[in-house]
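Subject: Structure handover

Hello,

Please find the structure below, followed by notes on what was found in it.

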Amino acid sequence: MIILALFLQVDSLSVSQAIDIAFQNSPIYHESRVALDRSRIQFYQSLANLLPTINVTGTYTKSEFDGFTSSDYTGAMNINMPLFDLDIISSIFVARGELGGNNIQHQADISNLILRIKTAYYNLINAYELLNSSEITLERAQENLNLVQAKYELGSASRLELLQGEVFYLNAQQDRSRARTLEISAQEELRSILGTSGYIYPIDTLIAPEVTDMPDLDSLTKILHAVNYEVRLARQLRDLSKINLISSYLAFLPRISLFYGYNVSSDTFVFDFQYYRDNAVKNYGISVSFPIFEIKNLVFRYLNAKNDLRRSEFAERRAELETEKQLRTTYYLLRESLDKLQYAEKSLDAANEAAVISRERYALGVTSFLDFLTAEKSVYDARVSYSSALSDYYVQQATFSYLLGTLALGKEQ
């Protein structure tokens with residue numbers, strides 16, 4: 001590792017450090033953040049529609065009639081303020097609902113990114129463990145091959161035992177090659193998520209969990225609909241569809257606004273504020289707009305809103321069923337990974353003990369060289385199974401946390 005650090009940029013990272021780097025470099029996070037900021041701006045924009053609108057216009061008109069030419073200068077300033085406009089009010093509620101939906105989506109994006117980081121990190125730890133195991137096995141295979149070659153030259157080992165040693169050594173080389181490929185794949189996956197190009201070395205270790213009773217599945221299902229991101233987002237979209245339906249009803253009502261302004265007209269251009277003040281015509285009043293000629297569009301708007309509400313209700317139910325299925329599947333996969341981990345740990349202990357006994361019996365000439373190599377190979381297989389089961393348990397645990405909405409970035413809470 002020291003030699004490798006001299007030639008490559010090595011980043012020794014914990015999983016928390018990897019998450020911090022990802023949220024600095026990840027375009028997924030920043031894209032989600034920008035989308036949330038955009039919806040917040042749209043909400044403020046809808047609120048700004050309640051404020052008065054000031055319009056200032058100036059017009060110059062030149063007219064010709066029967067050889068006579070006249071000029072006219074007109075200036076106007078008008079202030080309009082909505083007094084009763086349910087379109088504006090509805091747009092505020094819609095923008096507020098969209099902001100809430102984008103906030104939930106942002107939280108889901110964060111949790112999903114953390115899940116990807118942890119999965120890639122745990123897979124990289126597993127890849128390193130497999131690579132170390134393959135190196136140990138290859139070293140043992142080389143020692144065994146040297147031993148059987150020496151015995152073969154002395155005439156105390158057969159040609160078959162020599163070939164068996166060579167086959168075991170070649171298989172160990174293949175295992176190391178596969179472990180290196182797995183390590184490279186895990187490296188590239190984590191690099192792409194973190195947005196870095198350095199060589200990543202995980203400093204965290206995976207510790208076998210204590211045997212504990214898992215919570216009841218029925219109790220988890222009850223809280224699932226309140227915490228799961230997909231269900232919460234579907235519920236938010238359903239509520240937004242209800243608001244759109246209500247606003248389609250209210251769109252049939254008239255829109256009322258106040259207006260106040262000044263108009264000034266002159267046949268010459270005068271840059272004198274006192275003149276404008278003395279000759280300005282004041283106008284103010286109430287404007288009432290009835291959507292008489294928009295009935296057709298309003299009817300189709302109502303029908304589309306009603307259809308969208310039905311669709312969003314079905315989408316919410318589909319999201320609930322889908323997340324319930326994912327929860328049950330992940331729950332049993334987590335239990336299975338915990339059982340596999342316990343069995344793999346016992347199998348590794350038994351394989352190590354069997355290898356020690358087999359080596360002693362082979363040294364005494366009681367067992368065959370093939371049985372000795374088989375015991376050695378069983379140690380490697382048991383070590384691979386244990387490392388894979390341990391990383392799989394942590395991956396399933398992270399997936400389980402994601403489904404229950406507990407996988408999030410601390411500073412975003």
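Val-379 sits in helix H10, where helices (H or I, at least four residues) and strands (E, at least two) are DSSP runs numbered from the N terminus. This is a predicted model, in which local features need pLDDT of at least 70 and side-chain atom pairs count only at pLDDT 80 or more, while totals for chains, interfaces and linings use all residues. Residues are numbered from 1 along each chain as its sequence is written, and side-chain values use heavy atoms, with hydrogens and water left out.

With a relative accessible area of 9%, Val-379 is buried; buried means under 20% relative accessible area, exposed over 50%, and partly exposed in between (1.4 Å probe, protein chains only). Leaving aside residues up to four places away in sequence, Val-379 touches Leu-348, Ala-351, Asn-352 and Ala-355, a contact being heavy atoms within 4.5 Å. From Val-379 to Arg-317 the C-alpha distance is 49 Å, at a sequence separation of 62 residues.

Helix H10 (residues 369-403) also meets helix H4 (residues 86-154): their axes come within 9 Å and cross at roughly 170°. Axes here are lines fitted to C-alpha atoms, for helices over the stretch in contact, and angles run from 0 to 180 degrees between N-to-C directions. The crossing makes H4 roughly antiparallel to H10 (under 35 degrees counts as roughly parallel, over 145 as roughly antiparallel, 65 to 115 as roughly perpendicular and the rest as oblique). The residues of the contact of H4 with H10 comprise 14 nonpolar, 13 polar and five charged.

Leu-115 belongs to helix H4 and counts as buried at 10% relative accessibility. Its C-alpha atom is separated by 44 Å from that of Leu-145, 30 residues apart along the chain.

Glu-320 is placed in helix H9 (residues 295-363). At 13% relative accessibility, Glu-320 counts as buried, and Glu-320 touches His-225 and Val-231, not counting residues up to four places away in sequence. Lys-242 is in helix H7 (residues 229-250) and is partly exposed, with a relative accessible area of 36%. Lys-242 and Ile-200 are 42 residues apart in sequence, with 49 Å between their C-alpha atoms.

On the strand side, Pro-82 is in strand S3 (residues 68-84). Contacts of Pro-82, not counting residues up to four places away in sequence, include Asn-49, Ile-88 and Ile-256.

As for the whole protein, there are 10 helices and six strands. The radius of gyration is 37 Å, well over the 22 Å that the globule rule gives for 413 residues, so the protein is more spread out than a compact globule. That radius is taken over C-alpha atoms, and the rule is 2.2 Å times the number of residues to the power 0.38. The C-alpha trace spans about 130 × 50 × 35 Å along its principal axes. Buried residues make up 35% of the 413 residues.

Regards

Technical notes:
Ala, Val, Leu, Ile, Met, Phe, Trp, Tyr, Cys and Pro count as nonpolar, Asp, Glu, Lys and Arg as charged, and the others, Gly among them, as polar.
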